[in-house]
Amino acid sequence: MPDETRGKSPSDRTDVLPILPLRNSVLFPASVVPINVGRPRSVRLIEEALQSERPVIGIVTQRLAETEDPGWADLYKVGTAARILKVIKLGAANYSVVLQGLSRLVLDAGTQSEPYLRARVRRLAERAARDVEVDALAINLKETARQVIELQLQPNLPKEASTMLDKITDPGALADLVASNLTVATDEKQNVLEAIDVKARLRLCLQLLTRQLEVLKVKREISSMVQEEMGKNQREYVLRQQMRAIKEELGELEADEDDLDVLRERIGDLHLPPEVDRVAKKQLSRLQSMQPSSAEFTVTRTYLDWLIELPWKHTTPDVIEIPDVRRVLDEDHYDLEKVKTRIVEYIAVRKLKKDKKGPILCFIGPPGVGKTSLGRSIARAIGRRFVRASLGGVRDEAEIRGHRRTYVGSLPGRILQAMKKTGTVNPVFLLDEVDKMGKDMRGDPASALLEVLDPEQNHVFADHYLELPYDLSQVLFIATANQADTIPDALLDRMEVIEIPGYTREDKRRISRQHLVPKQLAEHGITPERLDFADEGIDLIIDSYTREAGVRNLEREIASVCRAIAVRIASGEDVHAAADAELVKTVLGPEKYSAEMAERTPEPGIATGLTLTAAGGAIMFVEAKKMPGRARLHLTGNLGGVMKESAETALAFVRSRAHALGIAEDFLKNIDVHLHIPGGATPKDGASAGITMFTALASMLSGAPVDPRVAMTGELTLRGAVLAVGGIKEKVLAAHRAGIRRVIIPRRNERDIVEISPEIREQVELVLVNRVDEVLPIVLTEPKEPEGGRHSSVPPPT
């Protein structure tokens, strides 16, 4: 009930009161509410206030509920003077306090902040200026409040509220009572408290109550609709059960009808997206009217099975603890820091933004470096399911988008087949060998992948079989390839390319120790006590039995050694062997590879180049010979058009610098020049052999041999400039594997040196050149007797 002094005070009164901050609530005059007090300053205030006979304190709502220790700036200016009616001690520093609101107050000035807030306040007297409009507003407010009570959906209003409304005659007290029981935001209640003018307070309270009434009416309508729908569904269920019982009695119930009931239940339980649910129910209705023996029945039934079995909403929770993700990635793979960093970055963003779309990555690197296994490791690290689709040799667009249902035996494409297999909408999806897709009259699968790998489109991916939009935006796509050249530009543009280079000798040794040897021992049932791989044995396998950028063949050779020991153990022999160099040679036989530089002796006309293949970097020998003829250039070695043009450019530049090279200017008058690159069974192309061809020609014509311990790569122009080329890291790794310790590269590739490991940079000297004139002083050794040239030495370049 309202306070008895309400409206009788002739004027406002100034007082000094302790201030108790209140959060998430507003206390109105005449209201009696319990609150919990637990903050240290508030507890101190209550304990000291209890020492008075009729303690009165100021209750002021704080602006932000999160503020733990509010100051004056954190509080509203208008609050309520309240009397403490009852205090119950709940714990050592926790009280339950019952407060009765007395009157509004305004904070004039704070007088103390410790040990609790105290302020000079102005207690506002209620102005009871009544007129016709005030009375009309009060009557309207009462009527609206009764309607809210009658709806019986407002839990905050007590059952006796209607009686209380009739007893209150003061319009201001009526507005305070209604506002205190409304379910509205704290700042809206505070606006009512700050409305000193009764007329304005009534208007504001009526506005809030009217809005609440409309909300309750809508709730009642929704509840009524739900009840009607439930009644309709229940009626249909009862009728269907009766029909089923009648057919059972007559012996007419068929197995297909039983299956249709199961399908109906499954569709109802899945809560499919609205469009999918509509299509599924429509197809089910059609199915009920078909004869089970008809071909259309089978087609429709298969389509419904696909709709039901595809994952539409089910997801697996991501592991978003970055240390755990990093640990799993490190357990499965050595090095590959770029990939690991990118996955950790994605998890960090997912931790901050839950609806972040999955990245679309493309791992490009030579075979055997762990691209495919890395996808499986990423799935394990982030707690997702893994699915793989091999696209090598795919030539039909329908492999991606599926076949239309008009064809006999039609099915969805590989994308949706894989999604059905994994059972979630957020797997790690590996698209293996995307660089080996083809195209023919049946379409271009690479073009069909554009929609799959486009974040702006794949949330509505359209499969020809399904004919419904399917959301692929949560999938983490990973594509793998050996070369980027054969991937269409539009498809490559949609992916974030991460290059995975080949491994160094030291990398392979560590991978063998940490991953390959333990894996093969476990797969062959051999304990480390039975077979211990020595460092010399592993090094011998790396150097003499494998020659690759990855570790696939290395793992095979290690498995061969394990099988040989497994045979001895299975035969009953007590084996405790060390896989040293002797055992490796015994098991694997003669060495397959030798150092490519070991048997090379300096000889004019032979230069060592570097090239990039699908298997990584490789060394390439360019051989030049001259013979009697008519100034013709012969090119052999299965060369492509670009490489042939590079040879012609190199010969033209040699002719233009003949004098500087100490060669007769008409040296081509009576000779032919033959350039050959061994390995004719392998197609070769590219411009990076330009300076190698020039060096081989200059060496052959001048009689000065090329140092076999030096390799080079770079494109040559007619002006003698050395242009940048690609694959520097892979080429330097290939030179290192071949025992070369000096590599000449274009200065414009200096930016690529940072990608080469410090270990390799320490063992291989990298020489940067701008012009081809800088190459010959580095690579040419003391000349032999020239083959028909005028001079026997090469002067320094001019």
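Is glutamate 114 buried or exposed, and what is its relative accessible area? Glutamate 114 is exposed, with a relative accessible area of 54%. The legends below describe close-up views of a predicted model.

**View 1. Arginine 41 forms salt bridges with glutamate 114 and with aspartate 69.** The side chains of arginine 41 and glutamate 114 meet at 3.5 Å, N to O. This pair links distant parts of the chain, 73 residues apart: arginine 41 belongs to helix α1, while glutamate 114 lies in the loop between β5 (94-112) and β6. The salt bridge between aspartate 69 and arginine 41 has an N to O distance of 2.8 Å. Aspartate 69 is placed in the loop between β3 and β4 (78-91) and arginine 41 in helix α1 (residues 40-49), so this pair ties together parts that are 28 residues apart in sequence. Arginine 41 is buried, its relative accessible area being 17%, whereas aspartate 69 counts as exposed at 53%.

**View 2. Strand β1 pairs with β6 and with β3.** Strand β1 (residues 13-22) and strand β6 (residues 117-123) are antiparallel and are joined by seven bridges. Within this pairing, isoleucine 19 has leucine 117 of β6 as its bridge partner. The pairing of β1 with strand β3 (residues 56-61) is parallel and comprises four bridges.

**View 3. Five strands make up an open, parallel sheet.** The strand order is β8-β9-β12-β7-β13. At the edges are β8 (386-390) and β13 (496-499), each of which pairs on one side only. Neighbouring strands of the sheet are turned against each other by 20° on average, direction ignored. Strand β8 runs parallel to β9 (residues 428-432), and five bridges join the two. One of the residues involved is phenylalanine 386, whose bridge partner in β9 is valine 428. Helix α14 (residues 414-422) packs on the sheet and touches β8 and β9, its direction making about 140° with that of β9.

**View 4. Helix α11 lies across three strands, β7, β12 and β13.**

**View 5. A salt bridge joins arginine 201 and aspartate 176.** The two side chains meet at 3.6 Å, N to O. Arginine 201 in helix α6 and aspartate 176 in helix α4 (residues 171-180) are 25 residues apart, and the pair links distant parts of the chain. Both residues, arginine 201 and aspartate 176, are buried. Salt bridges with shared partners also join Asp131, Glu133, Lys199 and Arg203 into one network. The count of salt bridges comes to 45.

**View 6. Val218, Ile222 and Val226 make a nonpolar surface patch.** The patch has an area of about 240 Å². Valine 218 is found in helix α6 (residues 198-250). Its relative accessible area of 42% makes valine 218 partly exposed.

**View 7. Glutamine 520 is buried in the predicted model.** This residue belongs to helix α17 (residues 505-523) and has a relative accessible area of 4%. Apart from neighbours within four places in sequence, glutamine 520 is in contact with Glu555, Ile558, Ala559 and Cys562.

Conventions:
Residues are numbered from 1 along each chain as its sequence is written. This is a predicted model: local features need pLDDT of at least 70, side-chain atom pairs count only at pLDDT 80 or more; totals for chains, interfaces and linings use all residues. Side-chain values use heavy atoms; hydrogens and water are left out. Buried means under 20% relative accessible area, exposed over 50%, partly exposed in between (1.4 Å probe, protein chains only). Contact means heavy atoms within 4.5 Å. Patches are made of residues with over 30% relative accessible area and no salt bridge: like charges are joined within 9 Å, nonpolar side chains (Val, Leu, Ile, Met, Phe, Trp, Tyr) within 5 Å. Accessible areas come from the Shrake-Rupley method with a 1.4 Å probe; for residues, only the protein chains shown count as cover. A salt bridge is a side-chain nitrogen of Lys or Arg within 4 Å of a carboxyl oxygen of Asp or Glu. Two strands pair if DSSP finds at least two bridges between them. Axes are lines fitted to C-alpha atoms, for helices over the stretch in contact, and angles run from 0 to 180 degrees between N-to-C directions.
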